[in-house]
Each structure stands twice: as C-alpha cells, then as structure tokens.
Amino acid sequence: MSAVYLDCNATTPLEPSVAEVVRRFMEKDYGNPASPVHDFGTFARMAVEKARGEVAEVVGARRDEVIFTSGATEANNLAILGLAAHGLATGRRHVIGTKIEHKAVLEPLEALTALGFEVDLLPVGSDGRVCVEELQAVLRPDTLLVTIMHVNNETGVIQPLAEIAAALEGHPAILHTDAAQGFGKDIFPLQSPRIELISISAHKIYGPKGVGALVARKRSGSPLPLRPLMFGGGQEQGLRPGTLPAPLIAGLGTAARLAGRNHLERNEMNRQFRARALAALAPLKPTVNGDPAYALPHAVNLALHGIPAARAIDALKDLVAVSSSSACTAGSTETSHVLAAMGVPRCTADCSIRLAWSHLTPEPDWAGVVALLQSIRTEFTHGG
Amino acid sequence: MDIFDELEEATNYQLAHGDLPVWLAEPVLEVARNRDKYRDKEYLIELLLMQVREYDTYAEAGCCKWAFDWEDIKRSLKKLLEE
C-alpha cells in the first residue's frame with residue numbers, strides 16, 4: 001500500500017474533470033488566446049473568459065476584475081508591490097500586515113520597507129487569529145494597504161476578514177487578502193466588496209500548478225492604482241504581460257466552478273475525516289495548535305509532545321505523507337514563525353506536524369501511524 | 001436545475017429582455033432541449049451559457065471585448081456539432 005497523502009495545504013491532487021479540461025487545451029485546442037484571428041485562438045480566448053467568469057463568481061466579482069497570474073505568490077507580489085508607486089506618489093507609505101503571513105507576503109512587505117514604507121505586522125493570539133482592535137490601534141490616515149491572510153497555511157485558522165473589513169469602513173486603505181488556502185473552501189467572507197484585492201491559487205483547490213489570479217475589484221467604478229511588475233505585452237489589462245497559459249487557466253476555472261458548487265459537501269466530508277483522524281490519534285494525547293473552532297475542516301496542526309516532527313515525518317513516510325510547521329533552510333531547522341507568533345514554545349513547535357486532507361483522500365492506516373509514533377516517543381523519552 | 005435547463009432559461013430571458021435574435025436563439029434552444037445528444041459536452045454547453053448570458057449585439061465595438069456577439073455563439077454551436 002502506498003502512503004496516503006496528507007499534505008493538502010502544500011498542494012492538492014488534480015480533480016479528474018479538471019485534468020480532462022487541461023488536457024483538452026494542451027493537446028487539441030492549443031491556440032493562443034491573444035491570437036483571436038482564427039478558430040484556434042478564438043476558442044482559447046473563450047476558454048480564458050469562461051475561466052475568468054468562473055473565478056469571479058466564487059468571490060462575487062466581475063469578470064473584468066480577475067487578473068490571471070502564475071499563482072498566489074505572483075498575485076501577492078502584484079497586490080503589494082504593484083501599489084508602491086501610488087503610495088510613493090501620494091505620500092501614503094504605511095502598510096499593515098500580520099506576523100503569520102506566508103513568505104509570499106512577508107518578503108514583498110520587506111521589499112516595501114526598503115523603498116521607504118513603514119510596515120506594521122500585527123500579532124496573533126494563541127488561537128492563531130488577529131485581533132481587530134490591534135488593527136485599529138495601528139491604522140493611520142496614511143495607511144495605504146492592509147494585507148491579512150484569509151486562512152493560515154500552517155494551522156488552517158480562518159482570520160476575521162468580515163470584522164477587519166468592517167473596521168476599515170470609511171478608511172481609504174486598500175484591503176488585500178492572500179486567499180491561497182481559503183479560496184473555494186470558505187466561500188462567503190471573500191465575497192465582501194470591501195476586500196478589494198484577493199490572491200488565489202489553482203493548485204490548492206484541485207487545479208493545476210502554475211496558475212492563480214489576483215482579483216482586483218474596482219473602487220467606485222475605477223480600477224485600483226496598481227502598476228505592473230513586468231513589461232512586454234498588454235495582456236491582463238496591462239498588469240501581467242505574457243502569453244496566457246490557456247490550459248492552466250481553463251483548469252483553474254473548472255476547479256473554481258467545482259469548488260463553488262461542491263464546497264459544502266467537501267467541507268462535510270473533511271469534517272468527518274477530521275473527527276476520525278483526531279479520534280484515531282487520541283492515544284498520543286496531541287494538542288491542537290490554533291483554535292479548532294476557527295479552523296477549516298481539512299487541516300489540523302498537532303503538537304505530538306516528545307516526538308520530534310522531523311523524525312515523525314521521516315518515519316511515517318511509507319504510511320502517510322505529512323509535513324511539519326518548520327521550514328528547513330540549509331540543513332538547519334527554523335522554528336515556524338506562525339507558531340512562534342502564536343506563543344507556542346519552541347519545544348512544542350518542533351514536535352508539531354501538519355495534516356491536511358481532501359474529499360479525495362482515502363483512509364490511512366491510523367493504527368499503524370499511532371504505533372509508529374508511540375515507538376518514536378518511547379525511543380526519545382527513554383533516550384533509546 | 002441542470003446546465004441544460006440553465007441554458008434554456010438564459011436563452012428565453014435574452015429573447016424576451018435582451019437583444020438575442022430569434023435566428024440565433026433557435027439553434028441554442030435546440031441544444032438546450034437535447035440533453036441526451038450533448039450530455040458529454042458539458043464544457044461547451046457551459047461556454048455557450050456564458051455567451052448567451054452576456055450576449056451583446058455590439059460586443060466587438062469599442063476598445064475592449066467584455067461581452068459576446070453572434071459570431072461567438074455561432075462558433076460554439078459549430079464546435080458542438082463538430083465534436
């Protein structure tokens with residue numbers, strides 16, 4: 001039996017009907033959407049527009065508010081760095097983020113700092129959530145952008161976007177969210193018109209890797225003052241030049257449509273899987289990092305006290321594919337900045353693993369998983 | 001309501017309230033009412049549905065094309081018959 005994949009926050013398997021659509025535009029209808037001078041190009045262009053509409057519908061946006069990118073990382077860069085010129089020109093050089101953002105947000109924010117912007121990173125509580133009062137405390141008249149992730153990639157905890165949007169009512173700051181983990185799963189918060197920039201990714205919703213989008217809502221009918229980061233073509237309203245990957249975009253559209261249609265059913269399946277997983281792992285007496293009451297049902301971050309995460313992941317690899325909260329850099333293990341921000345002690349963080357599944361995930365051999373982890377705990381507890 | 005019902009409803013709506021001409025609506029309704037024949041072509045039906053919903057006689061006018069015109073719908077109908 002091959003290992004069961006439990007790393008769906010890293011990437012998800014391709015939904016079979018999405019794969020069919022991608023294959024169609026790879027093999028048969030391979031025209032360039034920017035060449036609508038023949039049927040090949042026109043059909044590819046229609047596929048792109050169809051996908052644009054499908055993505056827009058999930059977040060309650062208009063079709064012309066969807067800018068296709070190579071993924072959420074590029075969308076985050078475009079949302080954050082694409083506003084820099086406007087901030088510099090207008091003297092609005094203050095930006096607010098959170099300490100638990102993905103590197104795809106934190107590093108563009110660092111780049112803004114280098115350009116002369118001031119960046120405030122909000123703390124989170126032990127529940128893994130940002131406190132809206134903390135935002136209100138640092139909000140300034142010259143705040144250009146507030147960027148707060150939708151769902152944390154390590155804990156699965158949903159951030160209070162509706163409350164944040166309400167707190168910004170009447171303030172001109174642009175609100176961006178990195179929704180790579182929540183788009184198509186936690187549908188309704190992203191439909192708030194106050195959330196004007198939304199970064200999404202296809203491969204987190206059973207679509208192909210290499211494609212995503214930035215939803216950029218218009219404000220009072222006018223486009224946001226975004227500037228392109230790349231040059232060399234007029235695609236995507238001049239904001240993202242380059243030949244559009246029609247197969248990937250068509251796949252993203254289909255994945256988005258399926259997510260919009262099936263998210264409640266998928267969430268229920270994930271909730272049941274979660275209950276079975278926690279029941280099966282209960283003999284290990286794990287603790288959950290982040291408040292489960294606010295978490296999406298397809299992921300859990302577990303502290304397995306006395307079991308080093310790196311050792312557990314390696315030992316389990318023939319049974320289940322999981323990951324830790326730690327990112328390894330040049331051979332040294334760096335403690336998760338997310339768990340650190342939540343106040344999780346280092347020894348607990350280093351024993352924490354992330355499990356993330358989907359509606360397509362088969363049941364793992366939980367008894368085998370527990371037995372293996374117990375043997376590791378014995379080994380480390382008794383210094384074996 | 002399945003995709004064929006949606007196509008029929010959208011076509012009738014555009015006939016009654018939009019600019020969709022009868023000569024273009026008829027072949028679309030023919031598709032919508034033949035789900036057995038087109039059941040395995042869901043992707044193309046979805047495309048056609050989008051084009052009908054956002055039909056605009058003057059879609060090609062102006063600098064940006066954000067709507068769909070009769071040529072787009074004819075092309076999709078042709079594709080449906082060819083496949």
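Between chain A and chain B, 9 salt bridges are counted, a salt bridge being a side-chain nitrogen of Lys or Arg within 4 Å of a carboxyl oxygen of Asp or Glu. One of them joins the side chains of Arg63(A) and Glu54(B), at 2.4 Å from N to O. The model is predicted, so that local features need pLDDT of at least 70 and side-chain atom pairs count only at pLDDT 80 or more, whereas totals for chains, interfaces and linings use all residues. Residues are numbered from 1 along each chain as its sequence is written, chains are lettered from A and ligands numbered from 1 in the order in which they are written, and side-chain values use heavy atoms, with hydrogens and water left out.

In the pairing of the two chains, 22 residues of chain A are in contact with 17 residues of chain B, where contact means heavy atoms within 4.5 Å. Chain A and chain B bury about 1600 Å² between them, 58% of it on carbon and sulfur atoms; buried area is the accessible area (1.4 Å probe) that two parts lose on being put together, summed over both. Of the area that chain A buries against chain B, 38% is supplied by Met46(A), Lys50(A) and Arg63(A), more than by any other three residues.

Elsewhere in chain A, Thr155(A) counts as buried because its relative accessibility is 3%, the cut-off for buried being under 20% relative accessible area (1.4 Å probe, protein chains only). Among the residues that Thr155(A) touches are Asn289(A), Val338(A) and Met342(A), residues up to four places away in sequence not being counted.

Key. Buried means under 20% relative accessible area, exposed over 50%, partly exposed in between (1.4 Å probe, protein chains only).
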